[in-house]
Amino acid sequence: MDKFYLTTAIDYVNGAPHIGHAYEKILTDIIARHYSQRCDNVFFLTGTDEHGIKIQKTAAEKGITPKELCDENAQKFKDAWKALDIDYNRFIRTTDEDHVKTVQKIFKKLVENGDIYKHSYQGLYCSGCECFLNEKDLTEDGLCPDHLKKPELVTEENYFFRLTKYKDAIIKHIKENPDFIIPEFRANEVLNQLEDIQDISVSRAKSNVQWGIDVLDDDEQSIYVWIDALSNYITAIGYDTENPSEQYKKLWPANVQVIGKDILKFHSIYWPAILMALDLPLPKHILAHGWITIDQSKMSKSIGNVIAPTDVLKNFNLEYPDAFRYYMATSAPCGRDGNYSDDDFKEKVNAHLANSMGNLLNRTLSMLVKYFDGEVKSEFKVNNEILKIAKNKIDIVKNHFDNFEIAEAGQEITNLVDITNKYVTDNAPWTLAKEEKMTECGQILTTVLEVMCIVSALIYPYCPNIAKDMAKQLSFDLSIKLDDLTADNIKTGKLISKEEIHPVFLRLDSELADKSSKK
Ligand code: MSP
C-alpha cells in the first residue's frame with residue numbers, strides 16, 4: 001500500500017459540534033491511525049461546509065456577517081477535534097481561497113462541457129437539507145421528513161447539472177463494485193433512488209442566496225452548496241482543472257470517504273456523477289456510518305438532548321479522550337446506529353479499559369517487580385499458544401479494518417485481553433512463585449507482557465494516549481509497522497522499577513456518572 005487517502009463529511013457551521021459529528025471524526029481518525037501502522041503516506045482530510053442559506057439566515061439573526069459566524073463556529077469544530085486527538089492533515093473550510101477558486105474552475109469546465117445548463121425552475125427547497133425535495137418525499141403534512149419543516153416554494157432560473165446523463169454509468173459502477181458502498185446493504189437503497197433521479201440544481205439566484213461562491217461570468221448566480229461541498233475532497237489536495245498538483249496525483253482517488261447514512265445519496269450518486277463529468281476516477285469506498293442516538297432518542301435541539309463531545313470529557317474528568325473514542329467506535333457495528341448513555345459509557349470503559357486491560361498490565365508488571373525485581377531473564381522467553389493467538393489477532397484486526405469493521409476489530413482486541421486474563425488466572429503465577437517454580441512463573445509473566453505489546457499496538461488507533469503509556473511501561477517501540485510486529489518485543493534485563501508502574505486508565509467515578517447510575 002503506497003498511500004491511503006481518507007476523508008470525512010465536512011460539517012455545517014451553524015452550530016457547535018455534537019457527539020454525532022464527533023463519532024464520524026473518531027471513526028475516521030481510528031482508520032487513519034490504523035493505516036499509518038501499515039503505510040507511510042496517510043492523508044486525512046476533514047473540515048467545514050460554510051456556504052448556504054442557513055448560515056446566511058443565522059448570521060443575519062445574530063447581526064453578524066456570515067464569515068464572522070463561520071469563523072466563530074469553525075473554531076469550535078477545530079477545538080473539539082483537538083480535544084479528541086483527531087489528527088487530521090488538513091482542515092478545509094469551503095471559504096478557503098484555494099477551494100473557492102478551484103470550485104469556480106470546476107463549475108466553468110462543467111458548463112463548457114455541456115454538463116451544466118441554465119433552466120427555469122420551480123421547486124420545494126428545504127434549507128435544513130440545503131436541497132430541493134420532491135413532493136412524494138414529504139410527510140403527510142407536507143413537511144421535510146428529516147427537519148419537520150415546511151419547505152419553501154422557490155421559483156428561480158438556476159444552473160442544472162445533467163445527473164441523468166450518468167445514471168446508467170453509476171448503476172453499472174455500483175453493481176460491478178459491491179464494495180463501493182459500505183455497508184453493502186445500503187447499495188440497494190441507492191439503486192432504488194437512482195431509479196427516479198432528475199437533473200439537479202447546482203446554483204441559486206444571488207437575489208435569494210448571497211452567501212455562496214460566485215459563478216464566474218454570471219453575476220446573478222452563486223454556486224449551490226453540494227457542488228461546492230463535494231468538491232472539497234479534491235480541491236483540498238490540490239486538484240485543478242488544468243494543472244493538478246503532485247499531491248493530488250498521488251492521493252486521488254480516495255481510499256475511503258466516511259459519511260453519515262443521511263448523505264449517502266449525495267456521495268454515491270451526485271459525487272460520482274461530478275467526478276465522471278470531470279473525467280476523474282471514483283473513490284474506492286464510500287463508508288456510510290449509522291447515527292448516534294442519546295439514551296435511544298434522536299439528538300435534537302428541540303428535545304434539548306444535544307451533547308457536546310467536550311462535555312463528556314469534562315463531566316467525567318477525563319484527561320485524555322481515549323475512553324470516549326473507544327466507546328464511540330465500538331458502540332455499534334459501523335453502518336448501524338449506535339447509542340450514547342452516561343451509564344453505559346461508564347460501565348463499558350471501566351470494564352474494558354480499567355478492569356481488564358489496564359489492570360492486566362498493572363498486576364503483571366507488579367508481579368515482575370515483586371518476584372524478579374522487574375527483571376526479564378532470558379529463560380523466561382518462550383513461544384506458546386497464547387503468543388500464537390496474539391500474533392494471529394494482528395491479521396484478524398487488519399482484516400476487519402480492510403472491511404472497515406471498526407467496532408468488530410475493537411472487540412477482537414478486548415477478546416485478546418480476556419483470553420490473556422484467563423491465561424493468568426489458569427496459570428496462577430502467584431502460586432508458582434509460592435511453590436518456588438520461578439522460571440515457570442517468569443515465563444507466564446513474560447508471555448503476558450509480550451501480548452500486552454501487541455495489545456498496545458492494536459489499541460493505539462482507538463486509545464493513542466493509553467497505548468503510548470502502556471508501550472512506555474513495556475519499553476516497547478510503538479512506531480513499529482503492524483507487518484513487522486512479532487511476539488518478541490520484551491527485552492531481557494531490567495524492564496521496570498516499582499516507581500515506574502502506574503495504572504494506564506483510572507476507573508470513571510465522576511459525580512455525574514454516579515448520579516446517572518442511580519437514575
Ligand atoms: N455539510 C454536509 C456534508 C457535506 S460533505 C461534502 C452535512 N453536514 S452536517 O453537519 O449536517 O453533518 C456532517 C456529518 O455528521 C454527516 O456525515 C452526518 O451524517 C453526521 N452526523 C450528523 N448528526 C449525526 C448523528 N446524530 N450521528 C452520527 N452522525 C451524524 O451533512
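**Note on the predicted model**

1. P183 lies in the loop that runs between strand β8 and helix α6 (185-195). Helices here are DSSP runs of H or I with at least four residues, strands are DSSP runs of E with at least two, and both are numbered from the N terminus. The structure is a predicted model, in which local features need pLDDT of at least 70 and side-chain atom pairs count only at pLDDT 80 or more, while totals for chains, interfaces and linings use all residues. Residues are numbered from 1 along each chain as its sequence is written, and side-chain values use heavy atoms, with hydrogens and water left out.

2. The peptide bond leading from I182 to P183 is cis, and its omega is near -5°. I182 itself belongs to strand β8 (residues 181-182). With a relative accessibility of 13%, I182 counts as buried; the word means under 20% relative accessible area, whereas exposed means over 50% and partly exposed covers the range in between (1.4 Å probe, protein chains only). In sequence I182 and N305 are 123 residues apart, and in space their C-alpha atoms are 29 Å apart.

3. A cis peptide bond also joins W252 and P253, with omega about 5°. P253 is placed in the loop between α8 (246-251) and β13 (256-260). The student may wish to keep a general rule in mind: most residues other than glycine have a negative phi, and most peptide bonds are trans.

4. D279 is not a glycine, yet it has a positive phi of about 65°. The residue sits in the loop between α9 (264-277) and β14 (285-289), and D279 is exposed, with 69% relative accessible area. S475 is likewise not a glycine and has a positive phi, of about 50°. S475 is found in the loop between α17 (464-474) and β18 (493-494); its relative accessibility of 38% makes it partly exposed.

5. How many salt bridges does the structure hold? The count is 35, a salt bridge being a side-chain nitrogen of Lys or Arg within 4 Å of a carboxyl oxygen of Asp or Glu. One of them pairs K57 with E152, whose closest N and O atoms are 3.8 Å apart. K57 lies in helix α2 (residues 53-62) and E152 in strand β7 (residues 152-161), so this pair ties together parts that are 95 residues apart in sequence. K57 is partly exposed at 38% relative accessible area, and E152 is partly exposed at 45%.

6. Other salt bridges lie within a single helix. D71 and K67 meet through their side chains at 2.8 Å, N to O. The two residues are four apart in helix α3 (residues 66-83), a separation of about one helical turn. D71 is partly exposed at 33%, and K67 is partly exposed at 34%.

7. K422 is exposed at 52% relative accessibility, and D426 is exposed at 52%. Elsewhere, salt bridges with shared partners link E50, K67, D71 and R93 into one network.

8. Which residues of α11 are buried? They are D322, A323, F324, R325, Y326, Y327, M328 and A329. Because eight of the eight residues of helix α11 (residues 322-329) are buried, the helix is largely enclosed by the rest of the structure.

9. L361 is located in helix α12, and it counts as buried at 1% relative accessibility. L361 and P503 are 142 residues apart in sequence, while their C-alpha atoms are 8.2 Å apart in space.

10. Finally, the cysteines. With a disulfide taken as a pair of cysteine sulfur atoms within 2.5 Å, the count comes to zero. C70 is in no disulfide, and the nearest cysteine sulfur, that of C126, is 19 Å away. C70 is buried, at 0% relative accessibility. For C334, the closest cysteine sulfur is in C463, at 17 Å from its own sulfur, which is too far for a bond. C334 is also buried, with a relative accessibility of 13%.
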